Amino acid sequence: AVLLCAATARADYPHATLSRVYPPGGQRGSTFVVELQGSSLEGCEQIRVSHDGISFKHVEGVRFEAQIEADVPVGLYDIQAITGLGVSSTRTFFVSQRGQKVEEDPAESADSLLLAEKGEVRTGCIGAPGDVDSFEFAAASSDMLIIECWAERIDSVLRATLELHGPDGRRVAVNRGFFGKDPLIAYRVPVSGRYLVKLTDLVFSGSGDHFYRLDIHDGPRVVFTMPSVVQWGVST
């Protein structure tokens, strides 16, 4: 009975939960505004981050100005909101070497067709059930296209699917999971023209928590290394 009462007390105790940071990352050497989403974040004016080269300056409410120094290594980092109730749950924040364009309204509910360029990061959200985000871009014959969606790896609930359509409108490639649930398409372009990539949720779900990062480039892309772990200070 004592243990049950203690467990109930802990369950009822309010705590801060960080469910989303949008956008969930950016290019190193850049400054941009992010917005937090979660519960019991009132009074949050500070964000803890796992790298000294990434900082967050409070703007107002749950909005912060993120600054990523130019020498921060590309990768994924942990961030937490600090509130009057303590430290929140942890979310993932990515740092990329590529320029980023962010969907202006992550809660949009209509299908969208956006122009994209190879070598850029598109950050967006499948904001409502059934939404399809489409990106059109130019590709040249013999290009090796790498189209990669980051969702599960950056703490999104999106179960992403990718479809690639050729200049004639036919679907030429599809993927529903490569890095775990996150899809990737590698496609050798047979003919120059305008190509279209469609991104949606596998079961056509959607919400503010269905955010993503989409990379479109022509490589290279490291898939894995052997061995995957090496010892510090030891040649391998």
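Hi everyone, let's start on the outside. Phe178, Val223, Phe224 and Met226 form a nonpolar patch on the surface, and together they have about 490 Å² of accessible area. Keep in mind that this is a predicted model. Is Val223 buried, exposed or partly exposed? Its relative accessible area is 45%, so Val223 counts as partly exposed.

Now let's go inside. The largest nonpolar core has 23 residues, and Phe137, Ile147, Leu164, Val197 and Leu214 have the most contacts within it. Which strands supply this core? At least two residues come from each of S12, S13, S14, S16, S17 and S18. Apart from this core there is another one, made of 21 residues, including Val21, Ile47, Ile54 and Phe93.

Let me pick out Phe137. Leaving aside residues up to four places away in sequence, Phe137 touches several partners, among them Ala116, Leu145, Leu164, Tyr195 and Ile216.

Next, please find strand S14, residues 160–165. Five of its six residues are buried. What does S14 pair with? On one hand, six bridges join S14 to S17, residues 193–201, and the two run antiparallel. On the other, four bridges join S14 to S15, residues 171–175, again antiparallel. Leu162 shows both pairings: Leu199 stands opposite it in S17, and Asn175 stands opposite it in S15. The hairpin of S14 and S15 has five residues between the strands, and there Gly169 takes a positive phi near 90 degrees.

Now for charges. Side chains of opposite charge can pair when their charged atoms come close. How many salt bridges does a search of the whole structure find? It finds 13. Here are some of them.

Glu35 pairs with Arg63, with their closest N and O atoms 3.9 Å apart. This pair links distant parts of the chain, since Glu35 is in strand S3 and Arg63 is in strand S6, 28 residues apart.

Asp218 and Lys118 also meet in a salt bridge, at 3.8 Å from N to O. Asp218 lies in the segment after S18, while Lys118 is in the loop between S10 and S11, 100 residues away. Asp218 is partly exposed, at 42% relative accessibility, and Lys118 is partly exposed too, at 31%.

Finally, look for a network: salt bridges link Glu148, Arg153, Asp182 and Arg221.

Note on methods
Residues numbered from 1 in each chain as written. Predicted model: local features only at pLDDT ≥ 70, side-chain atom pairs only at ≥ 80, totals over all residues. Heavy atoms only, no water. Buried < 20%, exposed > 50% of the residue type's maximum accessible area, 1.4 Å probe, protein only. Pairing = 2+ DSSP bridges. Core = buried A, V, L, I, M, F, W, Y, C linked by side-chain atoms within 4.5 Å. Contact = heavy atoms within 4.5 Å. Patch = residues over 30% accessible without salt bridge, like charges linked within 9 Å, V, L, I, M, F, W, Y side chains within 5 Å. Areas by Shrake-Rupley, 256 points an atom, 1.4 Å probe, with all protein chains shown as cover. Salt bridge = Lys/Arg side-chain N within 4 Å of Asp/Glu carboxyl O.
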